Amino acid sequence: MKTKIFLDSGDPAETKQTLDLLGYLDGQTTNPSLIVKHPDAQARFQSGQKFSQQEILDFYKKVIQQISAIIPAGSVSVEVYADAQTTAQTMIEQAREMNQWIPNAWIKLPTTSEGLKAAHELSQEGMRLNLTLCFSQEQAAAVYAATKGAGKGDIFVSPFIGRLDDRGENGMDLIANIVKMYQAGDGHVEVLTASVRNQDHFLEALRLQTDIITAPLKAIQPWAEAGQKVPGNDYIYPKGALSSIPYQEISLDQDWSAYNIQHDLTDKGLEKFASDWNALIG
Ligand code: E4P
């Protein structure tokens, strides 16, 4: 099977469960909202206690180290804190620090202009990165251009399909479009299908032969229990009333800063990650 399977979770207990269920696990993605959902963070929050800035970072580091110890040969994504005001320089400093937490880190940066500036610089240092909150083909083209020269598989782009579905657009089309656009490239960016909410997303991402799927345990479990089959081209994705996202002819050869990377869902996603995180800090 070409596609690598990652777990989308901030809880190492689920890492262990998924590893036992599948018999392997290629990696795990985390984000601020997922870390906030960790049972220990929630217990502390419910008891009225908050974290200091340092305590929450120490907590994130501990969780990441536990995940890494369970899947030492896998890829573990760790996300920088970023809101609309965060500069590329601040992201770079966080990324350098987080990258030292474990040997198998991929640092997540938002697909914003500051995030791409940071990605450009950090990829040149050889850091492995995951560009998150991607909602358009043009953003994926910018990720490709900003990280040119990186080693094969060192860079992931994470298109969020569930959040496009939530507003009536067929998120799976974005995956198909990016996979097609990247065929003209050198393969240094892998497509990581993210924001997977259900079994159909999972099966369609497998059929499209996306490089990586990250999914919550609840979407992995039915696939594992049905024998881990890869659907063929006879699988019909039930897109229902979702509207199609047309393919655009976009060259990968422009300067990364020339692409139009603005997307309202990226801005909203950034805000939500920051507010979930900040709610635990007092
Ligand atoms: C993973 O890298 C993403 O952060 C995650 O899949 C987002 O999922 P959601 O849209 O269900 O929050």
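Are Glu79 and Lys108 buried or exposed? Both are buried. The views below place this pair and other local features in a predicted model.

**View 1. The whole protein chain, built from 12 helices and eight strands.**
The radius of gyration is 18 Å, close to the 19 Å that the globule rule gives for 282 residues, so the chain is as compact as a globular protein of that length. The C-alpha trace spans about 50 × 45 × 35 Å along its principal axes. Of the 282 residues, 55% count as buried. Take the contacts between residues at least 6 apart in sequence: 71% of them join residues at least 24 apart. The accessible surface comes to about 11900 Å². Carbon and sulfur atoms account for 49% of that surface.

**View 2. Charged side chains of the protein chain.**
There are 24 positive and 35 negative side chains. The centres of the two sets lie 3 Å apart. Side chains of opposite charge can pair when their charged atoms come close. The structure holds 15 salt bridges.

**View 3. The salt bridge between Glu79 and Lys108.**
The N to O distance is 3.4 Å.

**View 4. The salt bridge between Arg44 and Glu55.**
The two side chains meet at 2.9 Å, N to O. The pair links distant parts of the chain, with Arg44 in helix α3 (residues 39-46) and Glu55 in helix α4 (residues 53-70). The partners are 11 residues apart. Arg44 is partly exposed, at a relative accessible area of 22%. Glu55 is also partly exposed, with a value of 36%.

**View 5. The salt bridge between Arg167 and Asp264, with its network.**
The closest N and O atoms of Arg167 and Asp264 are 2.9 Å apart. Arg167 sits in the loop between α8 (161-166) and α9 (171-182). Asp264 belongs to helix α12 (residues 264-278). The pair links distant parts of the chain, 97 residues apart. Salt bridges that share partners join Arg167, Glu169, Asp264 and Lys268 into one network. Arg167 counts as partly exposed, at 38% relative accessibility. Asp264 is partly exposed too, with a relative accessible area of 33%.

**View 6. Gln209, a residue with positive phi.**
Most residues other than glycine have a negative phi. Gln209 is not a glycine, yet its phi is about 55 degrees. Where does Gln209 lie? Its place is in the loop between α10 (199-207) and β8 (212-215). Gln209 is partly exposed, with a relative accessible area of 43%.

**View 7. Gln228, a residue other than glycine with positive phi.**
Phi of Gln228 is near 55 degrees. Gln228 is found in the loop between α11 (217-225) and α12. What is the relative accessible area of Gln228? The value is 24%, and Gln228 is partly exposed.

Conventions. Residues are numbered from 1 along each chain as its sequence is written. This is a predicted model: local features need pLDDT of at least 70, side-chain atom pairs count only at pLDDT 80 or more; totals for chains, interfaces and linings use all residues. Side-chain values use heavy atoms; hydrogens and water are left out. Helices (H or I, at least four residues) and strands (E, at least two) are DSSP runs, numbered from the N terminus. The radius of gyration is taken over C-alpha atoms; the globule rule is 2.2 Å times the number of residues to the power 0.38. Buried means under 20% relative accessible area, exposed over 50%, partly exposed in between (1.4 Å probe, protein chains only). Contact means heavy atoms within 4.5 Å. Accessible areas come from the Shrake-Rupley method with a 1.4 Å probe; for residues, only the protein chains shown count as cover. Lys and Arg count as positive and Asp and Glu as negative; His and the chain ends are not counted. The place of a charge is taken as NZ of Lys, CZ of Arg, CG of Asp or CD of Glu. A salt bridge is a side-chain nitrogen of Lys or Arg within 4 Å of a carboxyl oxygen of Asp or Glu.
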